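Here is a quick tour of the model shown below, written for someone who likes to know the cut-offs. Grab a viewer and follow along.

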Amino acid sequence: MTKQLTRDDLLKAYRTMRTIREFEERLHTDFATGEIPGFVHLYAGEEASATGVCMNLGPDDHIASTHRGHGHCIAKGVDPVGMMAEIWGRKTGTCKGKGGSMHIADLSVGMLGANGIVGGGGPLVCGTALAAKLRGQPLVSVCFFGDGASNQGTIFEAMNLAAVWKLPVIFLAENNGYAEATSSNFSVACANIADRASAFGMPGVTVDGFDFFAVYEAAGAAIERARQGGGPSLVEVKLSRYYGHFEGDQQTYRAPGEVQNIRETKDCLLQFARRVTSNGQIGQAELDAIDAEVKALIDASVVKAKSDPKPGEADLLTDVYVSY
Amino acid sequence: MARKITYQQAINEALDQEMSRDQNVIVMGEDVAGGAGSPGEQDAWGGVLGVTRGLYHKHPGRVIDTPISESGYVGAAVGAACCGMRPVAELMFVDFLGVCFDQIFNQAAKFRYMFGGKAETPVVIRAMYGAGFRAAAQHSQCLYNVFTHIPGLKVVVPSNPYDAKGLLIQSIRDNDPVIFLEHKALYTMEGEVPEESYTVPFGEAAVVREGHDITIVALGRMVQKAQEAAAELQKAGIHCEIIDPRTTSPLDTDTILESVEKTGRLIVVDESHPRCSMASDIAGLAAERAFASLKAPIRQITGPHAPVPFSDALEELYIPSAAKIVAAAKSLKEYR
């Protein structure tokens, strides 16, 4: 049974989702100025997924993420200030400016890394889960992957391996409808990604990814099952990204008004706020206070990132090996 | 007299001793035990050529058979290494890197750098390589150069049983990802190997034979070919120095350059294809950094730019021979 959410849990969940949203909206704005290097793939719109899953995890559980990884990082406990500096290419970043948006990792909080290779994380979580199983630790590993990665051989291999070894892994498919510009209606041969679970002898469930509570419950059940030695599960979360595949994507492949309609009718933060305020669990003023605190945090992270030093020549060749 | 065992036994012994020393060492791969889920014998094979035989019963739960899913289990080894295990994944034939390379070169090799020095990935990937078994184009390649190209990986190519044991123990204890490549024609080679545990450090070449006329740098099985050639050349009054780098990454450039500076002549013998090979790499090193010492052109003796053929008649032509080394050495000695 998934743990009952306390008032503190609800406030934490809201703060996490709001932090992700603010982080991503700010990157969207700042990227347009041309100051942020490289590619960024924004997670805005998908916050309920990372948050609903990671609220069921502890710091010693592991997650593997994707190229769209900022939300997973924040939800797993990576410091957003270090993340912002990383994305700005600063020496003070989470990865000293050597990884960037697509490679933010913090093993100290069980975050195995965003990943620039679609489907790269599936095999890795089989390893962290195997380690936990061999050591007799009740830890789980979650592989976040998208509808694009759902068609990668690595994910199929990992699902089979996790089932064969009966590993505590949750395959968490975030189906946002598009692999770059290709619709999952075209690229995924079955109606739901979760339908594939039965082929690997594991449970599969599809949930509404705009609803934090639905994700929290479904992921929580799968995680609890894995913790008890029940083996892997596949959870498909259907949601939407508010921005393009990468910043700069004009998204002409999407329907006119598609994102605006979702923002107005399904947005995870709106739904969450409406639910917890209408039933009296949380006051609107408390949510507003969180919004202000989060905005201040993200503002400060940008100010800091902009003024922090970039890595220098002395950093070019460090950390290739532990020893060489 | 010291104990003699085979290259294959040396590898098995290294795995056995390290598994006994450290509970975090696990072995995984296709049929590393053999028989998982079957009605008959468990540990039926102990690896496709029996290299891991016997470990399954000695180390319960830590010799793990896998489905034929190289990306899956190599990646699992990488993931397990990220949280403190010391997995030894067997890729069986190195040629199979084509179905799992991403997990090796984009994941394992890059974690430490991409993550700002916060990751350690102490994984070992063992694989057999090399021609001579009539195994044809997809089971006979020498791909150490491919791994050597990738920063973040260490690459080990032992040429004899002593080095195989010491280098494998070093590989398992090393905190970086290591590709450990075993030439399949060397598995039956016997040599003196201490019973106790020991390590051979990375990046330290072995001077297999001393001489003052010609430096021969040879890798893996090619060390034997170089020794045959050197014995032949000795009769003709040509004294060869043979250097076995033992690891291609890190590469002991100092020992190679010092020898070239002494002899003024260099032959590199590399079983792999010629382009972007260890032969061309080492030749380039000497050309750039020991040019003034050279008395003759550098010679590269490699396999041809062609897949490894099946027919024995062709495969014998493919593999660099002692005769080719002898001919090259004589031409260099006579060069003016």
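## Ground rules

Two strands count as paired if DSSP finds at least two bridges between them. Helices (H or I, at least four residues) and strands (E, at least two) are DSSP runs, numbered from the N terminus.

This is a predicted model, where local features need pLDDT of at least 70, side-chain atom pairs count only at pLDDT 80 or more, and totals for chains, interfaces and linings use all residues. Residues are numbered from 1 along each chain as its sequence is written, while chains are lettered from A and ligands numbered from 1 in the order in which they are written.

## Confidence

The model comes with ipTM 0.96 and pTM 0.97.

Start with chain A, where five strands make an open sheet in the order β1-β2-β3-β7-β6, with parallel pairing. At the edges sit β1 (62-64) and β6 (204-208) of chain A, each pairing on one side only. Neighbouring strands of this sheet are turned by 20° against each other on average, direction ignored. For angles, axes are lines fitted to C-alpha atoms, for helices over the stretch in contact, and the values run from 0 to 180 degrees between N-to-C directions.

Zoom in on β2 (141-146) and β3 (169-175) of chain A: six bridges link them in the parallel sense. Across from Phe145(A) you'll find Ala173(A) in β3(A). Helix α8 (212-227) of chain A packs on the sheet and touches β3, β6 and β7 (233-238) of chain A, with a direction at about 170° to that of β7(A). Contact here has a plain cut-off: the C-beta atoms of two residues, placed from the backbone, lie within 7 Å.

Chain B has an open sheet of seven strands, ordered β3-β2-β4-β5-β7-β6-β12, and its pairing is mixed. β6(B) and β12(B) run antiparallel and are joined by two bridges; Val156(B) has Thr247(B) in β12(B) as its bridge partner. α7(B) packs on this sheet, touching β2 (25-29), β4 (86-93), β5 (124-129), β6 and β7 (178-183) of chain B, and its direction makes about 160° with that of β7(B).

Chain B splits into domain 1 (4-192) and domain 2 (206-334), with bounds that come from an automatic or database domain assignment. The C-alpha centres of these two domains of chain B are 27 Å apart. Their contact takes 24 residues from domain 1 of chain B and 22 residues from domain 2 of chain B. On the domain 1 side, α6 (144-148), β6 (154-156) and α7 (161-173) of chain B each supply at least two residues.

## Where the chains meet

Between the chains, 35 residues of chain A are in contact with 36 residues of chain B. On the chain A side, the elements giving two or more residues are α5 (121-135) and α6 (153-164) of chain A, and α5(A) provides the largest share, nine residues. By class, that side has 19 nonpolar, 12 polar and four charged residues. Here Ala, Val, Leu, Ile, Met, Phe, Trp, Tyr, Cys and Pro count as nonpolar, Asp, Glu, Lys and Arg as charged, and the others, Gly among them, as polar.

Which peptide bond is cis, with omega near 0°? That's the one from Ser249(B) to Pro250(B), and Pro250(B) is in the loop between β12 and α9 (253-263) of chain B.

Two non-glycine residues deserve a look too. Glu180(A) has a positive phi of about 55° and sits in the loop between β4 (178-179) and β5 (182-183) of chain A. Asp31(B) has a positive phi of about 60°, in the loop between β2 and α2 (55-58) of chain B. Asp31(B) counts as partly exposed because it has 19 C-beta neighbours inside 10 Å. On that scale, a residue is buried if 20 or more other C-beta atoms lie within 10 Å of its own, exposed if 12 or fewer, and partly exposed in between, with C-beta atoms placed from the backbone.
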